[in-house]
Amino acid sequence: MGVTIAGFETRSIGVAEGVELNAAVGGEGPALVLLHGFPQTHLMWRHVAPVLAEHHTVVCPDLRGYGASGKPEAVTEDTYAKRTMAADIVGLADALGFDRFTLVGHDRGAHVAFRAGLDHPDRISHLGILDIVPTLDTWNVLHGAGAAVAFHLYLMAQPPGLPEQMIAGSADAFFGHFLDIWSTSSDAIPADVRAEYLRACRDAIPSIVADYRATATVDIAHDQADLDAGNRLTMPVTVVQQDWGRQLGFDATAIWRPWATDLQHFTTRAGHFMAEEAPEDVATLILDLARR
């Protein structure tokens, strides 16, 4: 049967024309949607989701292009724009009958959650962001040799063809590299989960690259348009991240403050995969967010 989230039911739910999201659903209470990061699937929430399900109906989907969810061909730059992927999540909520919900995203899922908060403020009651700065700011804080930490952003920003070919040639080494260097705990991702992450990524190289390529193109334009228009996240927002600012020379709280009117910002001593390394802390922060 493979790795699952204990006590959760897995469903395939249509969210857009020709696109279904694979989602684990469990618990009862106010709706809470958790979005995974790279190079992962919804299984990254396997420790956190059951705790949250004691108080909430919790939904953990695989994003468009990831895991067991639909992987449409990137026929336009919008196919994997965060605006499109955010609309998927609203479609998921519609299908499950949720008018408003708390939304928490990690890494790639955090970029989707950020866009959902800006595009659908009437649907997102509370917003949690794990270990990113907004897309526009991501590119602005990468300078000089320090930007080498984000080499994958530049690789997957290239035109279609070469990145996909290079990654396919050594997929397990490529995706496994990030599972290794972004963790501070050697046992946070056990062998069976790691194998599932690598298998899922091998099967999704074109769509994963398309997701990242959008971050270097259309997603920047959408962020800039919102910034220029003065659009802000108006719901309570909690941001938790590693101290990237100290490492790369920027003030993370100051970057987030212009985007959110009700912001709480925290740093963690856990690695990038904080939901797997420090699940109790992450669950507590999400429950606190949902109560604000």
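Residues are termed buried when their relative accessible area is under 20%. By this criterion, strand E4 of the predicted model is mostly covered, since five of its five residues are buried. Thr-57, Val-59 and Pro-61 point one way from E4, whereas Val-58 and Cys-60 point the other way. In a regular strand, side chains alternate between the two faces of the sheet.

E4 belongs to an open sheet of eight strands, arranged in the order E1-E2-E4-E3-E5-E6-E7-E8 with mixed pairing. The edges are formed by strand E1 (9–16) and strand E8 (263–267); each has a single partner strand, so one side of each is left without a neighbour in the sheet. On average, neighbouring strands of this sheet are turned by 20° against each other, direction ignored.

Both pairing senses are found around E4. E2 and E4 are antiparallel and are connected over five bridges, with Val-59 of E4 as the bridge partner of Val-25. E3 and E4, by contrast, pair in the parallel sense over three bridges, and here Val-33 stands opposite Val-59 in E4. Helix H2 (residues 82–96) lies across E1, E2, strand E3 (31–35), strand E4 (57–61) and strand E5 (101–106), and runs at about 115° to E1.

The largest pocket has a volume of about 280 Å³. Of the 16 residues lining this pocket, Ala-74, Thr-76, Pro-160, Ala-210 and Arg-213 are the closest to its centre. Its lining divides into seven nonpolar, four polar and five charged residues. Helix H9 (residues 205–215) provides the largest share of this lining, with five residues. H9 is largely enclosed by the rest of the structure, because 10 of its 11 residues are buried. The buried residues of H9 include Ala-210 and Arg-213, both of which are also among the residues closest to the centre of the largest pocket.

The second largest pocket holds about 190 Å³ of space. It is lined by 16 residues, and those nearest its centre are Val-3, Asn-22, His-42, Leu-43 and Glu-196. Six nonpolar, seven polar and three charged residues make up the lining of this pocket. Strand E2 (19–27) and helix H8 (191–202) each supply at least two of the lining residues.

His-42, one of the residues nearest the centre of the second largest pocket, lies in the loop between E3 and helix H1 (48–52). With a relative accessible area of 9%, His-42 is buried. Residues up to four places away in sequence not being counted, His-42 touches Ile-5, Asn-22, Ala-24, His-36, Cys-60, Pro-61 and Asp-62. Among these contacts, Cys-60 and Pro-61 are buried residues that point in opposite ways from E4, and Asn-22 is itself among the residues nearest the centre of the second largest pocket.

A further buried residue is Asp-223, with a relative accessible area of 3%. Asp-223 is located in helix H10 (residues 218–229). Leaving aside neighbours within four places in sequence, Asp-223 is in contact with Phe-114, Arg-115, Pro-134, Thr-135, Leu-136 and Trp-259.

Conventions
Residues numbered from 1 in each chain as written. Predicted model: local features only at pLDDT ≥ 70, side-chain atom pairs only at ≥ 80, totals over all residues. Heavy atoms only, no water. 1 Å grid on protein atoms, 1.4 Å probe; cavity = no way out; pocket = protein on both sides within 12 Å on 5 of 7 lines; lining within 4 Å. Points joined across faces, edges and corners; volume = space filled by probe spheres on them. Helix = DSSP H or I, 4+ residues; strand = E, 2+ residues; numbered from the N terminus. Nonpolar A, V, L, I, M, F, W, Y, C, P; charged D, E, K, R; others polar. Pairing = 2+ DSSP bridges. Axes fitted to C-alpha atoms, helices over the stretch in contact; angles between N-to-C directions. Contact = heavy atoms within 4.5 Å. Buried < 20%, exposed > 50% of the residue type's maximum accessible area, 1.4 Å probe, protein only.
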